Amino acid sequence: MAIDKPLLDKGRPQALAALRIVTAYLFLPHGTAKLFGVPHLAMFDGLQLMSLVGLAGVLEVVGGALLLVGLFTRPVAFLLSGFMAVAYFMAHASKGNVLLPLLNQGELSVLYCFAFLYFVFSGAGAWSVDAVREGRKARASAAPA
């Protein structure tokens, strides 16, 4: 069975959008659990907003929501990629086994870090506010003066 590469290439913007949406959807509850208690995780009871974990919750909620709708995707993804790298080294690598995230429970941080880094270079894909904004800019610049 031959792979129809042109057909696959045609669906690339939609596949990228699906990856962005699902990644943001999975990332967002990390922040809502910290800030709003939904879903409830006892370890976040009494969390202070002005703490490192509170700041992480803000980044997860705001960044996750912006990524979900695809608004300011590249700068938000850059910020979140760095945030996940810091989270890995502070919370996971410090437990030992720096090069084996499976052993320090840091796999998710590493995966988010590199997924967000990919969005820095790829953009939002289809189905995003960024795509709508870019379409308006292109139409405005093509309009006669």
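Of the 15 residues in the largest nonpolar core, six touch the most other members: F27, L67, L80, F83, M84 and F116. Helices α2, α3, α4 and α6 each give two or more residues to this core. The model is a predicted one.

**Inside the core**

- F83 is one of the core residues that touch the most other members.
- Leaving aside neighbours within four places in sequence, F83 is in contact with F27, A56, L59 and E60.
- M84 belongs to that group of core residues too. M84 is also in contact with S109.
- S109 sits in helix α6. Is S109 buried or exposed? S109 has a relative accessible area of 9%, so S109 is buried.
- Beyond the neighbours within four places in sequence, the contacts of S109 are M84, A87, Y88 and H92.

**Helix α2**

- Helix α2 covers residues 12-35, which is 24 residues.
- How far apart should its ends be? At 1.5 Å a residue, helix α2 should span 34 Å. The C-alpha atoms at its ends are 35 Å apart, which agrees.
- The buried residues of α2 are L16, A17, R20, T23, A24, F27, L28, G31, T32, A33 and K34.
- Which helices do these buried residues meet? They pack against α3 (52-69), α4 (73-92) and α6 (107-122).
- F27 is on the buried list of α2, and F27 is also among the core residues that touch the most other members.
- Just after α2, G37 takes a positive phi of about 70°.

- L49, M50, L52, V53, L55, V58, V62, V86 and M90 make a nonpolar surface patch of about 870 Å².
- The elements that give two or more residues to the patch are α3 and α4.
- Which element gives the largest share? Helix α3 does, with 5 residues.
- M50, one of the patch residues, is found in the loop between α2 and α3. M50 has 80% relative accessibility and so counts as exposed.

**Backbone details in the loops**

- The loop between α2 and α3 also holds P39. The peptide bond from V38 to P39 is cis, with omega near -5°.
- N97 lies in the loop between α4 and α5 (101-104). Phi of N97 is near 55°, a positive value in a residue other than glycine.
- N97 has 41% relative accessibility, so N97 counts as partly exposed.
- Q105 lies in the loop between α5 and α6. Phi of Q105 is near 60°, again positive in a residue other than glycine.
- With a relative accessible area of 54%, Q105 is exposed.

**Salt bridges**

- How many salt bridges are there? The count comes to 4 salt bridges.
- Side chains of opposite charge can pair when their charged atoms come close.
- K5 pairs with D9, and their closest N and O atoms are 3.0 Å apart. Both lie in helix α1 (residues 5-10), 4 residues apart, so about one helical turn separates them.
- An α-helix has 3.6 residues a turn, so residues three or four places apart point the same way.
- K5 is exposed at 53% relative accessibility, whereas D9 is partly exposed at 31%.
- K5 and D9 are linked with R12 in a network of salt bridges.
- E60 and K34 meet in a salt bridge at 2.8 Å, N to O. E60 lies in helix α3 and K34 in helix α2, so the pair ties together parts that are 26 residues apart in sequence.
- Are E60 and K34 buried or exposed? E60 is buried, with a relative accessible area of 5%. K34 is buried as well, at 13%.
- D130 and R133 form a salt bridge, with their closest N and O atoms 3.7 Å apart. They are 3 residues apart in helix α7 (residues 129-142), so about one helical turn separates this pair.
- D130 is buried at 11% relative accessible area, while R133 is partly exposed at 32%.

Note on methods: Residues numbered from 1 in each chain as written. Heavy atoms only, no water. Expected span 1.5 Å × (residues − 1). Buried < 20%, exposed > 50% of the residue type's maximum accessible area, 1.4 Å probe, protein only. Contact = heavy atoms within 4.5 Å. Core = buried A, V, L, I, M, F, W, Y, C linked by side-chain atoms within 4.5 Å. Patch = residues over 30% accessible without salt bridge, like charges linked within 9 Å, V, L, I, M, F, W, Y side chains within 5 Å. Areas by Shrake-Rupley, 256 points an atom, 1.4 Å probe, with all protein chains shown as cover. Salt bridge = Lys/Arg side-chain N within 4 Å of Asp/Glu carboxyl O.
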